[in-house]
Amino acid sequence: MISDLRFRGAGWGKRLFIFLMMAIMTIYVLLILYPLFNMVISAFKSNREILTKPFGFPQSIGFKNFHTVWVEKGFDRYFANSLLVTGVAMGFVLLFGSMGAYGVSRYRYKANTLVYMLFLSGIMLPLKAAIIPLFIIVKRLGLIDSRISVILIFIAMGLPSTVFILSGFMKGIPLELEYAARIDGCHDFQIYRRIIMPMTAPAIALVTIYNAVPIWNDFFFPLVFLQSNSRKTLPVGLSTFFGQHATNWSLLFTGLSIAILPMLLMYIFMSRYFIKGMTAGAVK
Amino acid sequence: MKRFLLLMLVCTVAVSTLFAAGTTETPAAGSQTKTEIHFWTWRPEDVDFYARQIAIFEAANPDIKVVQTAHKNTEYNTILAAALAGGSGPDVFQGRAYGGLATFADSHYLEPLEQWLPELKNYSPTALLGATSPTDGKIYGSPAVSQTVFMYYNKAIYKELGLSIPKNWAQLIANFEAMKKAGYIPLANGAKDGWTLETMLGGMGPAFYGATDFFTAVVEGKRNFQDPAFIKMIEKMKSLTAYMPNMFMGVSYEDMRANFFNEVAGHLVGGSYEAAYFNTQNPDLYYDVFAIPGEDASKPAPVSVYADMNFAMNAASQKKNASVKFLKFLSSKDFGNSMIRDLKMISSVPGVDASSDPFIARVLELQKNATPFIFLVGFRYQQPTGSSLWQAAAQGVMAGTLTPAQAAKQVQDGIASYYKPFQK
Amino acid sequence: MDVKQLRKAAWIIFFVTPGLMIVGVFILLPLFMSLYNSLFSWNQLLPVEFVGLENFSRLFTKYPYQQRFLNALQNNLIWFLSTMILQNSVGLLFGYLMSRSIPGYQAFKRIFFIPVLFSIIAVGFLWGLYLKPSGLVNNFLGLIGLESLQHAWLGEERFATMAIIMVNIWRWVGFPSLVFLAAIDNVPTECLEAAHLDGVGEWKLFWKIVFPLIIPSITIITVLTVIGSLNVFEQIYTMTGLDGGPNYSTDTIGTLFYRTAFGSVDAGSPEIGIGSAIGVVIYILTFLISLISIRFSRSREVQL
């Protein structure tokens with residue numbers, strides 16, 4: 001196999017190159033893991049410890065902060081709401097997004113570019129810019145203080161980049177595969193389901209994380225549209241730790257440490273789709 | 001295909017539970033007779049305080065239920081604007097003062113309060129100014145608190161070094177020098193967050209630019225910000241960088257306060273709102289405040305004062321009678337006293353008892369030489385506001401990329417782009 | 001129109017409509033409603049009268065709007081160039097190395113994306129800690145004897161923008177890495193093997209074979225970088241504030257837009273007319289530049 005960079009059997013120049021590259025990548029790994037560690041240990045500190053000794057170890061390891069955040073501050077409820085909102089929104093983002101991508105990348109028609117640009121123009125300005133008209137629309141639909149409002153907004157926010165990224169990948173899939181399936185009697189939806197979707201799995205994994213993270217972390221829209229405490233999401237809960245003149249950093253970091261967990265788990269799960277040869281195998 | 005169907009199924013179930021949850025929650029059992037009013041604040045740190053106060057109010061008014069929501073301060077205006085423009089929003093809420101009030105009042109989202117709250121006429125004119133729209137002169141908020149800007153100093157360090165409260169600028173600098181020699185940071189302030197430089201101006205500026213005389217003259221357009229006195233004040237401010245922390249341009253608001261309450265630094269120019277925070281972060285901190293003197297010791301040193309918060313009512317509220325009851329409660333002496341006691345805030349309610357708290361008493365004493373916090377009180381009504389111009393220009397001065405004269409010109413030109421008295 | 005074409009049209013509509021509906025109602029409609037505001041003069045939050053393009057002419061010609069706008073636009077350009085040159089080329093390198101199974105690539109692949117998972121609040125606070133005068137970066141420079149290089153990274157006009165860009169690259173470089181990894185993995189191995197047997201060297205292999213085949217993903221990354229750099233907002237907001245301090249040195253059209261349209265708590269009231277005009281300019285710029293990059297790269301795409 002040629003496609004591996006290995007020390008064994010490599011010349012000196014190549015070995016040096018591999019070593020150098022590994023060193024750079026390892027440094028980056030350290031630059032990632034340290035802040036992660038820093039965030040988690042801050043969850044065990046008091047506010048004053050965070051401000052005076054931000055890099056030191058906590059004086060004692062106790063789960064008091066976690067208890068406060070989870071039980072007293074009601075993060076169990078917020079957490080469940082966030083899971084629900086993000087999960088449902090992402091489900092539809094992936095479904096409608098991949099369908100849209102299929103619709104713009106696998107057919108040739110005149111309005112093709114127009115549809116493509118319509119989708120894409122949804123990410124050219126942050127939606128925050130249009131909060132007042134958006135509020136009026138949501139109110140007309142009678143969705144104020146309903147989780148459906150934020151779900152719909154999140155779906156809308158996730159779709160443009162999903163369509164954009166997926167259509168880029170779908171374009172690269174050879175047309176012959178489609179012809180073969182058509183001869184076997186598949187209709188368009190079956191082609192989308194059985195051929196195109198499996199082949200774009202790594203890209204789907206990518207857009208899932210790319211969109212789920214901002215949706216999971218967004219506090220602005222839930223803050224505007226959800227008023228009942230029982231419907232609020234995790235980032236809204238986090239925002240309550242920011243006072244005007246006093247921020248509760250220790251509870252904030254506890255909350256942040258809790259909040260990153262589902263994303264980490266999802267990412268670890270998704271990263272198995274980045275397996276080489278999975279798509280290449282399908283081409284043969 | 002199976003997995004896909006499963007996903008769809010999960011989605012449908014999830015969506016239907018959403019609807020279900022939405023319908024079961026709305027009619028809270030047994031609350032038909034109660035009027036529910038919504039109350040918004042930008043003080044997440046005071047949620048417990050307001051919850052206690054609301055409990056007192058509800059005990060006295062069993063037919064009213066108050067639902068409190070505290071929003072993140074920095075997003076508060078945006079959320080409130082969206083809700084009010086959309087025809088909903090809270091019934092009663094914390095309102096900003098001066099220009100922040102005008103934004104909502106001139107958009108007709110606020111209810112004029114004089115006919116609802118006759119007691120407003122007892123308030124001090126300074127407090128009322130912050131709650132009055134300059135456009136129609138009506139009062140749109142019940143003034144809640146005022147803030148004062150001055151110098152915090154660490155009494156323990158003063159004692160240790162044998163220092164006393166400075167009577168003039170030279171003595172202040174001498175105190176700074178003594179602290180520097182002893183290894184303390186003389187002045188905790190930094191310049192990373194522009195708005196803290198407006199606070200600094202409020203603290204040390206008035207004595208140099210000539211306090212209220214100058215304020216009145218610029219507001220009328222008789223003098224302007226390129227006045228020699230104002231430029232000299234900027235030079236004095238720049239000279240303080242010698243006593244600020246190393247690499248002060250990178251020192252943020254959080255860092256400067258931490259340096260002060262951790263007793264690494266001996267002074268901090270700050271607002272009266274800091275006291276409560278210091279007490280929670282370091283209960284052992286032994287501190288007090290003084291007004292920053294100018295060069296002439298014979299004149300009492302002025303302090304900048306501004307109205308900071310008021311309680312306002314939504315003009316579109318369907319429950320004005322209940323809302324007024326709550327507003328009256330928020331304007332009561334008892335509530336004002338609780339604000340002093342629990343939050344260490346200087347309540348604007350007339351006749352509140354401040355003697356119980358020595359810090360508040362001291363602030364009220366300094367307020368005898370009050371002068372308006374210049375940019376906030378006078379020049380925050382239109383963009384570019386005096387505040388935003390000053391904050392950026394001051395950063396330039398402190399970093400040395402702008403001269404005091406250039407900074408003064410930037411501020412002057414910016415305000416003159418819309419301020420009629422400057423265009424003559 | 002024959003049946004076949006009708007069927008095709010029906011399928012296209014079936015695939016595209018659900019997404020377009022949602023994007024249309026919840027993004028495009030409110031966005032255009034709000035951009036329409038740029039044609040009015042405003043009294044606080046209420047429109048007063050139709051003024052045509054006056055807000056635009058004020059934005060482009062009047063002090064201080066013109067100065068603020070050009071200054072911000074310049075910073076957006078710095079963002080775009082730095083992101084393209086630093087982040088995306090490093091991403092391409094990382095992606096390529098991982099696709100060639102450099103030792104440890106399994107671990108790298110799983111770790112590189114972690115910064116993206118951080119909430120921006122955590123990124124802003126932690127990097128604020130590392131970059132402050134007594135922070136880790138300066139401590140490290142002191143440790144290796146480079147005290148002269150210590151700076152207030154986020155507080156000095158000449159470093160602040162670059163410092164925030166570096167943090168952003170730290171946060172996002174995993175994304176192009178994985179996009180390129182997925183794209184390179186899509187290149188059929190036969191191509192590479194055949195070239196290798198012909199004795200093509202590593203460098204040539206990359207430029208002559210891999211690179212042309214991954215142009216679609218390069219387009220994706222380029223367009224997303226264009227959009228991202230013209231919309232930079234949160235990074236500035238969390239690290240140097242809404243005013244793009246110090247002295248507007250980190251201001252971008254995103255922050256300028258937000259504080260003009262909504263006002264900022266510490267500095268002032270909203271100016272919806274001019275704010276919306278800035279929004280329109282951002283929108284048009286993004287649209288045109290994206291369209292150009294898409295057209296440009298389409299002409300260079302290679303079909304297998």
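1. Chain B is divided into domain 1 (36-146 + 307-366) and domain 2 (147-305 + 368-422), with bounds that come from an automatic or database domain assignment. The centres of the two domains, taken over C-alpha atoms, are 28 Å apart. The model is predicted: local features need pLDDT of at least 70 and side-chain atom pairs count only at pLDDT 80 or more, while totals for chains, interfaces and linings use all residues. Residues are numbered from 1 along each chain as its sequence is written, and chains are lettered from A and ligands numbered from 1 in the order in which they are written.

2. Domain 1 of chain B gives 16 residues to the contact and domain 2 of chain B gives 18 residues; residues are in contact if their C-beta atoms, placed from the backbone, lie within 7 Å. On the side of domain 1 of chain B that touches domain 2 of chain B, α16(B) gives the most, with five residues. Helices (H or I, at least four residues) and strands (E, at least two) are DSSP runs, numbered from the N terminus.

3. Strand β6 (residues 265-271) of chain B has seven of its seven residues buried, a residue being buried if 20 or more other C-beta atoms, placed from the backbone, lie within 10 Å of its own.

4. Strands pair if DSSP finds at least two bridges between them. β6(B) pairs with β4(B) in the antiparallel sense over five bridges, and B:Phe150 has B:Gly270 as its bridge partner in β6(B). Strand β5 (residues 185-187) of chain B pairs with β6(B) in the parallel sense over two bridges; here B:Ile185 stands opposite B:Ala265.

Note on methods: Two residues are in contact if their C-beta atoms, placed from the backbone, lie within 7 Å. A residue is buried if 20 or more other C-beta atoms lie within 10 Å of its own, exposed if 12 or fewer, and partly exposed in between; C-beta atoms are placed from the backbone.
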